[in-house]
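Dear colleague,

Here is the structure I said I would pass on. My notes on what turned up in it follow below.

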Amino acid sequence: MNEMDIKEYEHQYSPSRWSHRLGQEAVIDAHVEVMKRGSQIARETIECQTDLSYGLREKAKLDLFGAQTLPEDAPIFVYIHGGYWQFLGRESSSFMVTPLAKAGAVVVTIGYTIAPEASMDEIVSEVKAAITYVLQLAKKRGSSGVYLCGHSAGAHLAAMMLAVDWMGEQMLNDSLIKGALLVSGVYDISPLVNTYVNDPLRMTESDACRLSPVTHLKNIIQHSMKRRIVVAVGQHDSPAFHIQSKEFDEELRRGGVTSELIDVPDTDHFDVIEKMSEEEYILTEAAVKMMGLNLDGVSEGFKQASLIVNCYCCSERHTYGILYSLKMDEFKLGHIPLPGGETVSAQTPA
Ligand SMILES: N[C@@H](CC(=O)c1ccccc1NC=O)C(=O)O
């Protein structure tokens, strides 16, 4: 590969260069900030068990939302974060919990050891261990199904999980994984081998091939005949990301899998997932529908309140609807401490 090709790949696979909203650094800073804030609010308002270990390494932990509040048979939504297998973690992974819990889904956010501490092989194995934990939990609860969601590198990891023979390897029922929402993913990671993305990962061409979902299409198709797949991409994602999503969806459909491609209008690589903190968003709606739920009411075990706060994006006063569970009763509804330390008053709707 010559210098020109490498430069072009680096351009195509640098999502921050393609944002229609913000500059390269600003879009990443905003992404991390928005996800962290939203995640913190979810941890403070939704009943959760955090830092549950599914493996031996420090980062092999997951957070579980709504498991003690929602019915045992509730569907389980699993979020696998992105960050090119080398950034981000659970602290910024729970921003989408509120609307999903409201609709009645238990949410699991997975942490995993990132590069350079872990190789791509180790990352895929670790995520597999996390999904094994979730499938065991789903079986124990009698959950109606497990739904995988991943963003960017997380969509790559979620897609890899669709190829696993859970029955043969873990004695777990394959059919418990009933769907996947893959957002702005990379399904063939070989174009990354010669780019800066691979510096901490140090994959060879053969590693990248072995660890790409497209290499395992036959298995993915075989195990996904009863699954519902949504492949989503941001309108302002780069052409390479669009091609990756379009081709992956096409291959699944060619194999007879129920898959659909959603090109999300007016979004870039970053807000395409950030907006899953909102109820009225095409991908939140797709996730809720996939799980056989709806957003018409508040699921049992949760209550809703309104909250007037300084908005963190524009600092104007806004009224927010918030969802709370057992956890908020500890705060005696009426005074809700915010992540920043400010305390605001809240009222339950009449
Ligand atoms: N170097 C990449 C960085 C990147 O993709 C990224 C950075 C922070 C959080 C998420 C990211 N991408 C996808 O998960 C870029 O230029 O966009």
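A salt bridge, as counted here, is a side-chain nitrogen of Lys or Arg within 4 Å of a carboxyl oxygen of Asp or Glu. Please keep in mind that this is a predicted model.

By that rule there are 16 salt bridges. One of them joins the side chains of arginine 21 and aspartate 268, with an N to O distance of 2.7 Å, which is inside the 4 Å cut-off. Arginine 21 belongs to the loop between α1 (3-12) and α2 (24-45), and aspartate 268 to the loop between β8 (258-264) and α10 (271-274), so this pair ties together parts that are 247 residues apart in sequence.

Next, the ligand. It sits in the second largest pocket. The shell around the ligand is made up of 14 residues, and the closest are Pro15, Ser16, Gly83, Ser152 and Tyr196. By type, the shell residues divide into seven nonpolar and seven polar, with no charged residue among them.

- Glycine 83 places a backbone N or O atom 2.7 Å from an oxygen atom of the ligand.
- Serine 152 has a polar side-chain atom 3.1 Å from a ligand oxygen.
- Proline 15 has a polar backbone atom 3.2 Å from an oxygen atom of the ligand.

On its own the ligand has 400 Å² of accessible area, and the protein covers 94% of that.

The peptide bond from alanine 115 to proline 116 is cis, with omega near 5°. Proline 116 lies in the loop between β4 (106-110) and α4 (120-141). Leucine 88, a residue other than glycine, has a positive phi, near 70°. Leucine 88 is in the loop between β3 (76-80) and α3 (97-103).

Regards

Definitions and conventions:
Residues are numbered from 1 along each chain as its sequence is written. This is a predicted model: local features need pLDDT of at least 70, side-chain atom pairs count only at pLDDT 80 or more; totals for chains, interfaces and linings use all residues. Side-chain values use heavy atoms; hydrogens and water are left out. A residue is near a molecule or strand if one of its heavy atoms lies within 4 Å of it. A polar contact is a pair of N or O atoms within 3.5 Å; within protein, one must be able to donate a hydrogen and the other to accept it, and residues adjacent in sequence count only if both atoms are side-chain atoms. Accessible areas come from the Shrake-Rupley method with a 1.4 Å probe; for residues, only the protein chains shown count as cover. On a 1 Å grid over the protein atoms alone, a cavity is a set of points where a 1.4 Å probe fits but cannot get out, and a pocket is an open set with protein on both sides within 12 Å along at least five of seven lines; lining residues have an atom within 4 Å of a point. A molecule sits in a cavity or pocket if more than half of its atoms lie within 2 Å of its grid points. Ala, Val, Leu, Ile, Met, Phe, Trp, Tyr, Cys and Pro count as nonpolar, Asp, Glu, Lys and Arg as charged, and the others, Gly among them, as polar. Helices (H or I, at least four residues) and strands (E, at least two) are DSSP runs, numbered from the N terminus.
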